[in-house]
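Take a look at the model below. Then read on for a short tour.

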Amino acid sequence: MSIVPDVVPAKGRLRKSTRPKRLKMDRMRRREAMYFYLFVSPFFIGFLFLTIGPILGSLLLSFTRWNMFLPPQWVGLQNFSQVLSGNSLFWTALGNTGYYALISVPLGIILALFIAVLLNQNIVLRRWFRAAFYLPSTIPTVAVVLLWLWLLAPAGLFNEFIGLFGIKGPAWFVDPSWVKPGLILMGLWGAGGGTVLFLAGMQGIPPYLYEASALDGAGPIRQFFTVTIPMLSPIILFNVVNGLIGSFQVFTQVYILGTNNADLMMVPYLFQEAFDYFNMGYASAIAWCLFVIIIAITMVVLRWSAVYVYYEGEVRR
Amino acid sequence: MIEERKLNGVRLARPGRQKKPYWTVGKVIVYLFLLAGGVMMLLPLLWMITTSLSSSHYAMDFPPQFFPKQFDWENYVKIFTESGLGQSALNSVIITVPAIIGQVFASALAAYAFARLRAPGKSVLFIIVLATLMIPGEVTLIPTFILFKYLNWLNTFWPLIVPNFFGNAYNIFLMRQFFMSIPLELDEAAKLDGLGPFGIWVRIILPLGKPVLAAVAIFTFTANWGNFLTPLIYITNPHLYPLALSVYTMTETGDNAVLSVPWNLIMAGSMLLTLPMTLVFFFGQRALYEGSNVLGRVG
């Protein structure tokens, strides 16, 4: 992919000049380089103080016990052994987060893809339909959560609605066993955000692929699985990786619902330890575990996807 | 986006197919799904609007009344006079506007350098920029909090504004891709006219890069306007709460929970929080499409 920077400068062209000119060239080059460093310096100052510094600081902190009032105490690997010990809430949080991620990410992608297929047909009012599906994904999370808290109240509109079909709705966010399904439902409401990406991808699929497969006798459903899906696979991969990382970073929903351990997730757990109990060392250890998990998931998905994702213009071995 | 659709519409109507009637069984099913899905997507939103317009009495009605018997515009006055959301909205603006300016210009400056200027070590630096995309914000959360605490920035807007002035990797990458598509001849011509790198950035790159600047401005707006975690950590003084935090605290009525929660006011507050975001998305759609289109090509 073209992520690799194309920074090979056109040396040959510049080198041809005679000596005094080259000296002048060098001075210009040096000036250009100086401007380069000047222009990228804000980012790298931020990188130093707000990224790499804090990452190392967090690693260091994770080996200490510190409540921000007394001086930090070096405890070695104790935080990590505590985090990873059998009865730690970490496993509850990881379990809930995993459950949420593994259900909501595939469901969200399937729903987004389904909507995209519908919208990609030759239909009237396409813009309006697209807007309707896209709208929920533009709403700030806080407003979404408050709305759904109200919507999924035990005697709320949603239960009233499915009651029309004779289904007795659960107590959702009040009932610990229904909190996670409630969260997933709420997440699916924003699936239209992914639809936009899929639609853009579908526009880019060359029509001759469909024509060729139609000549071979493939119907629309067959075409969906043999043409559309493979051609969209890079975008699907992008959504899978982003979705997984995003669900491991879920915070606002869970914090606002505030139902103890039934929906405790990784970041709320970290937040609780750091800013409610001021266990900065322990919370840093959680942060590092989360970091490692996210990197590992990304690596596994990318490695595994190499088999399935099709890039146009890629040389296959 | 619209042109593309139309183009596609034309493309789909292949010569062989034209004889087929428009309304086939498949079409009907597609429309049924679209209508049902569209209604399901919009109903919650409509519920937000009607609740925000119902008096507290009707909001508590059981079974829930989808359309209030009378519209109560009072709620939209009350959220300013009683819930103090006016101050919070102002706070949100005070945070968001400088954040957008800082983010756009810092990212554009670095992106221009990566797209156009040559310097030793450039490719390594660019790989570092891309690598930061992999780092979840949670890892840096605690040390950053400690840093800002020692700077005495708790209960100020600085922790929410200042980090934007360093740019971020995603925006730099997006802008670099866009800037690289601007013809190099323009730079060369400007150089002959005696412009330096800064002049080229101001006179050539920024004007021609407007779509991507707008896209980054929109991303920054949405990220900051709805942000909940960061203000929750840094701001404890209710007078300094941004809108998202204030609307949330309306649910904490103190005493006996659920019943005393003023859902009609909360929904009015949520509308106030939602509206700017939705408007920005819809008016910025074109810029978003043109500006972030480059990413689609990257795959």
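## Model and confidence

This is a predicted model, where local features need pLDDT of at least 70, side-chain atom pairs count only at pLDDT 80 or more, and totals for chains, interfaces and linings use all residues. Residues are numbered from 1 along each chain as its sequence is written, and chains are lettered from A, ligands numbered from 1, in the order in which they are written.

pLDDT is the predictor's confidence in each residue, from 0 to 100. Chain A has a mean of 88, and 90% of its residues reach 70 or more. Within chain A, helix α4 (residues 89-119) has the highest mean, 95, and helix α1 (residues 11-15) the lowest, 49. Helices are DSSP runs (H or I, at least four residues), numbered from the N terminus. Residues 1-14 of chain A stay under 50. Where pLDDT is low, the predicted coordinates should not be read in detail.

## Where the chains meet

In chain A, 77 residues are in contact with 77 residues of chain B. Contact means C-beta atoms, placed from the backbone, within 7 Å. Helix α2 (residues 19-61) of chain A gives the most to its side, with 19 residues.

## One helix of chain B

Why does a span of 22 Å agree for helix α12 (residues 210-225) of chain B? Its 16 residues, at 1.5 Å each, should span 22 Å, and its end C-alpha atoms are 22 Å apart. The expected span is 1.5 Å times one less than the number of residues.

Notes. Contact = placed C-beta atoms within 7 Å. Helix = DSSP H or I, 4+ residues; strand = E, 2+ residues; numbered from the N terminus.
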